[in-house]
Amino acid sequence: MKKILIAFVGLIILSAVVQEVANSNKTEEQKATESADRVKHKIIGRAEATCQLAAEKQAHDPGSIEWLREERHFRFDNKPETKATSTQPMRARNAMGALVRTGIVCKLLLTGDGWQIVKMSVMK
């Protein structure tokens with residue numbers, strides 16, 4: 001058991017060293033690009049979350065919502081990336097209790113306070 005633990009710790013240390021060597025070989029431009037990609041990913045995630053939270057507030061049965069994440073779409077609508085459209089498909093129970101496939105489309109605007117929903121509509 002002790003040998004397994006030592007091997008496991010050694011493997012973790014080795015992978016950390018390999019990762020550090022790989023990062024040190026990257027150019028400053030590559031590091032900056034990766035950093036910008038992470039920031040953009042967070043901005044998009046916040047926009048999508050804003051849209052989903054607004055939909056949950058209006059849903060008949062918010063607890064029944066199953067977001068179809070693999071089918072969602074997001075796009076920026078202008079060059080400074082302050083306007084966006086988020087399409088969020090889902091399954092949810094309607095007022096009759098039936099599980100239906102639906103979704104929402106949010107038009108969003110990035111302000112100093114974060115993403116604001118300009119228009120929200122049901123997917124057709």
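## The nonpolar core

The largest nonpolar core in this predicted model is built from twelve residues: A47, C51, A55, I65, W67, A84, M90, A92, I104, C106, L108 and W115. A nonpolar core here is a set of buried Ala, Val, Leu, Ile, Met, Phe, Trp, Tyr and Cys residues joined through side-chain atoms within 4.5 Å. Buried means under 20% relative accessible area, exposed over 50%, and partly exposed in between (1.4 Å probe, protein chains only). At least two residues of this core come from each of α2 (28-58), β3 (83-93) and β4 (99-111).

Let's look at one core member. I65 touches E56, A59, M90, R91 and A92, leaving aside residues up to four places away in sequence. Contact means heavy atoms within 4.5 Å.

## T87, a residue in a strand

T87 sits in strand β3. Is T87 buried or exposed? T87 counts as buried because its relative accessible area is 18%, and the limit for buried is under 20%. Its contacts, not counting residues up to four places away in sequence, are R72, H73, I104, V105 and M123.

## The chain as a whole

The protein chain has two helices and five strands, and from the N terminus its elements follow the order α-α-β-β-β-β-β. Helices (H or I, at least four residues) and strands (E, at least two) are DSSP runs, numbered from the N terminus.

Of the chain's 124 residues, 19% count as buried. Among contacts in the protein chain with a separation of 6 or more, 40% are between residues 24 or more positions apart.

## The largest pocket

The largest pocket has a volume of about 250 Å³. Of the 17 residues lining this pocket, the closest to its centre are Q58, A59, M90, T102 and I104. A pocket is an open set of points on a 1 Å grid over the protein atoms alone, where a 1.4 Å probe fits, with protein on both sides within 12 Å along at least five of seven lines; lining residues have an atom within 4 Å of a point. The volume is the space filled by probe spheres set on the points, which are joined across faces, edges and corners.

Which element gives the most to the lining of the largest pocket? That is β4, with four residues.

## How to read the values

Residues are numbered from 1 along each chain as its sequence is written, and side-chain values use heavy atoms, without hydrogens and water. In this predicted model, local features need pLDDT of at least 70 and side-chain atom pairs count only at pLDDT 80 or more, while totals for chains, interfaces and linings use all residues.
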